[in-house]
Amino acid sequence: MRFDLIIVGGGLAGAALAVALRRSTLRIAVVEHAVPRRPTGWDARIYAYSPASARFLDELGVWAHLDHDRLGPVSEMRIHGDAGGELVFSAYDSGLEELAWIGESSLVHVEIWESLKRQHNVTLFCPAKPAALEVDVGAARLRLDDGRSLEAALVVGADGRDSWVRERAGIAATLTPYGERGVVANFVCERPNHGVAFQWFRADGVLAWLPLPGRTMSMVWSAPDALADELLALDPEPFCARVEAAGGRALGKLELAGQRAAFPLRLMRVEEVVRPRVALIGDAAHAIHPLSGHGINLGFQDAKALAEVLAALPSWRDAGDLSVLRGYARRRAEEPFLLQYTTHALSRLFGRQDPVLSSLRNLGMNLTGQLPVLKNALVRYAANGRF
């Protein structure tokens with residue numbers, strides 16, 4: 001079967017890329033191993049959607065159809081160092097409606113998938129898994145595990161950190177494990193969060209409380225492996241007490257809502273994001289420490305940039321030509337690089353228990369809080385992906 005574009009991975013970034021090309025003449029195949037579904041209760045996987053991502057999803061016709069009663073707007077973010085440092089970002093002070101929206105991964109994923117199912121230029125192969133990839137001068141050929149064969153000018157790897165496409169294309173990735181896991185859980189709180197997100201740089205990792213609607217919040221604790229094991233082994237009541245204490249009981253008593261989960265944290269750098277007839281987006285192209293909350297937003301901006309490059313091509317241009325794909329790579333070179341190195345440096349800086357470093361890093365936080373121009377620049381970046 002012949003297509004113009006094959007997207008391997010129907011996750012958020014891959015599905016968004018396909019929907020962003022809904023008005024193009026490109027014939028698109030999307031290969032995904034499972035249909036996304038909404039879990040019972042709150043999804044343990046929660047993302048912080050930036051204003052730039054919200055605008056992108058609105059352009060796709062997705063944002064307006066979400067259940068906004070399950071999205072928590074962030075009006076303020078309070079960041080605390082490990083020795084008195086404090087930094088506060090306010091949407092109001094920065095002239096923004098919100099700093100971000102906190103919502104479940106599946107909330108957005110299912111809605112994008114519904115759009116895909118209605119899209120005239122998309123053929124869904126789901127459930128299906130890739131089995132072999134061949135790339136030559138004329139085309140890329142993908143064989144599925146059920147024997148079906150697909151051919152296209154371009155294959156996009158949107159298949160996550162352990163990308164099958166990246167590995168088969170021979171694109172090397174350098175992994176730097178942090179020796180930490182992100183422990184995630186949702187809670188019902190004694191007190192309302194009022195749209196405030198909290199982040200604490202602690203001696204035992206980075207703890208974030210993200211506001212969900214009403215008295216609900218989502219926690220991400222980037223904890224050393226030993227502490228992560230300890231947290232996961234606790235019964236619900238002592239686990240809640242541990243999280244309450246770690247956050248200074250800022251929202252009062254906590255009650256666990258749903259299951260806990262944990263995932264390993266690592267930095268991933270790839271040597272290149274494009275090769276002839278192959279492009280990478282989302283987690284297949286980069287992985288960063290979750291303390292910035294920008295992982296999903298990088299993926300959406302990858303999808304937006306690649307869609308714009310492909311949609312602008314005249315009919316006679318080859319979408320898999322390396323000169324075309326390098327245009328996408330150049331557009332997406334700066335932001336992932338800056339975020340990878342910034343979050344990596346912050347993780348290492350606050351991970352070292354040194355009295356001198358502790359004084360300097362907390363002093364830096366306090367000084368930044370007293371410089372409105374710098375604070376506003378940081379907020380603009382978080383909101384728009386650029387200074």
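Colleague: How many helices and strands are in the protein chain?
Modeller: This is a predicted model, in which local features need pLDDT of at least 70, side-chain atom pairs count only at pLDDT 80 or more, and totals for chains, interfaces and linings use all residues. Residues are numbered from 1 along each chain as its sequence is written, and side-chain values use heavy atoms, with hydrogens and water left out. Helices (H or I, at least four residues) and strands (E, at least two) are DSSP runs, numbered from the N terminus. Counted that way, the protein chain has 11 helices and 21 strands.

Colleague: What percentage of the residues in the protein chain is buried?
Modeller: Buried means under 20% relative accessible area, exposed over 50%, and partly exposed in between, with a 1.4 Å probe and protein chains only. Of the 387 residues in the protein chain, the buried ones make up 53%.

Colleague: Which residue in β7 is the bridge partner of Ala-48?
Modeller: The pairing of β3 and β7 is in the antiparallel sense. In β7, Ala-48 has as its bridge partner Ile-102.

Colleague: Why does Ser-105 count as buried?
Modeller: Ser-105 is found in helix α3. Contact means heavy atoms within 4.5 Å, and Ser-105 touches Leu-12, Asp-43, Arg-45, Tyr-47 and Tyr-49, not counting residues up to four places away in sequence. Ser-105 counts as buried because its relative accessibility is 11%.

Colleague: Which residues have the most contacts inside the largest nonpolar core?
Modeller: A nonpolar core is a set of buried Ala, Val, Leu, Ile, Met, Phe, Trp, Tyr and Cys residues joined through side-chain atoms within 4.5 Å. The largest one has 75 residues, and its largest share, 8 residues, comes from helix α7 (residues 295-311). Those with the most contacts inside this core are Ile-112 and Phe-300.

Colleague: Is Phe-300 buried or exposed?
Modeller: Phe-300 is found in helix α7. Among the residues that Phe-300 touches are Leu-12, Ala-16, Val-108 and Ile-112. With a relative accessible area of 0%, Phe-300 is buried.

Colleague: Are α2 and α7 oblique or roughly parallel to each other?
Modeller: Angles under 35 degrees count as roughly parallel, over 145 as roughly antiparallel, 65 to 115 as roughly perpendicular and the rest as oblique. Helices α2 and α7 pack at an angle of about 45°, with their axes 10 Å apart. In this packing, Ala-52, Ser-53, Phe-56, Leu-57 and Glu-59 in α2 meet Asn-297, Phe-300, Gln-301, Ala-303 and Lys-304 in α7. The two helices are therefore oblique.

Colleague: Which residues of α2 are buried?
Modeller: Helix α2 covers residues 51-59, and Gly-61, with a positive phi near 80°, follows α2. The buried residues of α2 are Pro-51, Ala-52, Ser-53, Ala-54, Phe-56 and Leu-57.

Colleague: Which residues on the two faces of strand β12 are buried?
Modeller: In a regular strand the side chains alternate between the two faces of the sheet. Strand β12 (residues 154-157) pairs in the parallel sense with β1 (residues 5-8) over 4 bridges, and 3 bridges join β12 to the parallel strand β20 (residues 278-280). Both faces of β12 are covered, and the buried residues are Leu-154 and Val-156 on one side, and Val-155 and Gly-157 on the other.

Colleague: What is the bridge partner of Glu-134 in β10?
Modeller: The order β9-β10-β11 describes an open sheet of 3 strands with antiparallel pairing. In that sheet, 5 bridges join β9 to β10 (residues 140-144). The bridge partner of Glu-134 is Arg-141.

Notes:
Two strands pair if DSSP finds at least two bridges between them. Axes are lines fitted to C-alpha atoms, for helices over the stretch in contact, and angles run from 0 to 180 degrees between N-to-C directions.
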